[in-house]
Every structure is written in structure tokens, then in C-alpha cells.
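Subject: Structure for your files

Hello,

Here is the structure I said I would pass on. My notes on it follow below.

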Amino acid sequence: MKQIKWVLLTIVVLCLFICSYFAGKVFKQSSIQTEQVSSKKIAKNKDRVSESSSQTKSVASSSSKSEEKLDYETITPMQTAAAIAYYGQHKVGKTIWKDVFDGADDLDIYQNDNADGLNVKGRGNSWMLHPSQEGGSHMATYTVGADGEVAFYDISAVNKDDDKDPYATVNLRDIINYVNDQGAVDQIKDKAQHIHLQQ
């Protein structure tokens with residue numbers, strides 16, 4: 001009888017040992033799977049955050065690019081003068097226009113109410129650009145029509161009353177597009193700060 005008790009006790013202990021061994025194995029595998037799922041979730045979240053961050057950067061970048069454009073409806077008078085000077089230097093490039101934008105840090109601008117001597121009169125005013133505090137008998141002159149047509153002239157003190165044909169006529173919209181395409185908006189805005197209206 002004692003021998004049977006010992007055999008039964010040994011069998012029970014052995015069963016307990018085997019059960020605990022398998023239970024430990026199952027628990028360990030479950031724990032590993034949980035960790036793998038957690039790390040996968042973390043990796044996915046990181047990817048989402050990274051993707052969201054790059055989308056935000058992309059939106060911010062495209063919005064800053066759109067802010068760096070001149071617009072026909074919102075361009076200021078001095079930005080208009082700067083854009084015309086820039087276009088005149090780079091695209092008209094004749095006589096006084098060939099270095100009007102880069103030739104001096106500061107420009108004076110004069111308005112002449114009488115454009116009768118010019119063949120393209122614009123709205124009846126002409127605008128004259130001249131390097132500040134510099135002498136000279138020639139002025140880079142332009143008119144702007146109601147439709148945005150800009151006419152480029154070189155007016156001198158000697159022949160200012162003669163009929164004048166423009167060197168070129170270009171719509172202000174095309175000038176603005178040219179400035180935007182050249183990536184010169186910052187230059188235009190900076191130059192506009194250095195153009196001074198004279199009476």
C-alpha cells in the first residue's frame with residue numbers, strides 16, 4: 001500500500017512538472033507574440049507620424065512657394081516700377097534700360113502728367129526712373145495703359161517734346177509672369193523699398 005502511494009505521488013509530481021513546463025512554454029510564446037504585435041504597431045505609428053510630417057512639410061513648402069509670387073491684382077505701385085525696371089533691363093536692354101535695375105541701389109521715380117509726346121500714351125501719364133543723386137540727361141520712361149500695356153521709352157532732356165516710338169510694349173501681366181518665372185520676386189520686393197517717389 002505504501003508503495004502504491006509513493007507511485008501515485010511520483011506520478012502526480014511528474015504530471016505537475018510536465019504541466020508547468022508546457023504552461024511556461026505557452027506563456028513565453030504568447031508573450032513573444034504580444035511583443036511582436038506591439039513592435040509592429042509602434043513601427044506602423046512611426047510610419048504614420050513620419051508620413052504625416054512629410055505631408056505637412058510638403059504643404060508648408062508649396063504654400064511658401066505660392067507666397068513668393070507677384071500677382072497682377074495685388075502688386076503695389078513701387079513693386080510695379082521695380083518689375084518694369086527688371087524686365088526693361090533683362091528683356092528690352094537698350095540704352096538707359098540696360099542697367100536701370102542693377103545700376104544703382106536707389107531709384108527716384110517721377111510722374112509726368114503729360115504723355116502727349118509719346119506714341120503710346122497709356123493713361124496719359126508717363127513714369128521716369130532715374131538713379132538717385134545722379135545727374136544725366138536720359139531717363140528710363142514708361143507708360144501703363146488701362147489694359148496693363150507697358151510701353152518702354154528712353155527720354156532725354158533734348159528731345160523730350162518729340163514724338164517717340166516705344167522700344168517695346170509688353171503687358172504688365174507678362175512682366176509679372178517673367179519675374180515669377182525667373183524667381184526674382186525677392187529682388188523686386190527689395191528694390192521696391194529703394195524706389196522713391198519725387199514731386
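Asn180 is part of helix H3, which covers residues 172–181. The model is a predicted one, and in it Asn180 has a relative accessible area of 12%, under the 20% cut-off, so it counts as buried. Leaving aside residues up to four places away in sequence, Asn180 is in contact with Glu68, Lys69, Leu70 and Val185.

Strand E1 (residues 107–112) has two pairings to note. With strand E2 (residues 126–131) the pairing is antiparallel and runs over 6 bridges; Gln111 has Trp127 of E2 as its bridge partner. With strand E6 (residues 195–198), E1 pairs in the parallel sense over 4 bridges, and here Leu107 is bridged to Ile195.

The largest nonpolar core holds 32 residues, and Ile84, Trp97, Leu129, Tyr142, Phe152 and Ile175 have the most contacts inside it. Two or more residues each come from helix H2 (77–92), E1, strand E3 (138–144), strand E4 (149–156), H3 and helix H4 (185–192). H2 gives the largest share, 8 residues.

Which residues does Ile84 touch, not counting those up to four places away in sequence? They are Trp97, Tyr142, Val144, Val150, Phe152, Leu172 and Ile175. Another core, of 5 residues, lies apart from the largest one; Ala115, Leu118, Tyr153 and Ile155 are among its members. As a general point, nonpolar side chains in soluble globular proteins tend to be buried together.

Regards

How values were computed: Residues numbered from 1 in each chain as written. Predicted model: local features only at pLDDT ≥ 70, side-chain atom pairs only at ≥ 80, totals over all residues. Heavy atoms only, no water. Pairing = 2+ DSSP bridges. Buried < 20%, exposed > 50% of the residue type's maximum accessible area, 1.4 Å probe, protein only. Contact = heavy atoms within 4.5 Å. Core = buried A, V, L, I, M, F, W, Y, C linked by side-chain atoms within 4.5 Å.
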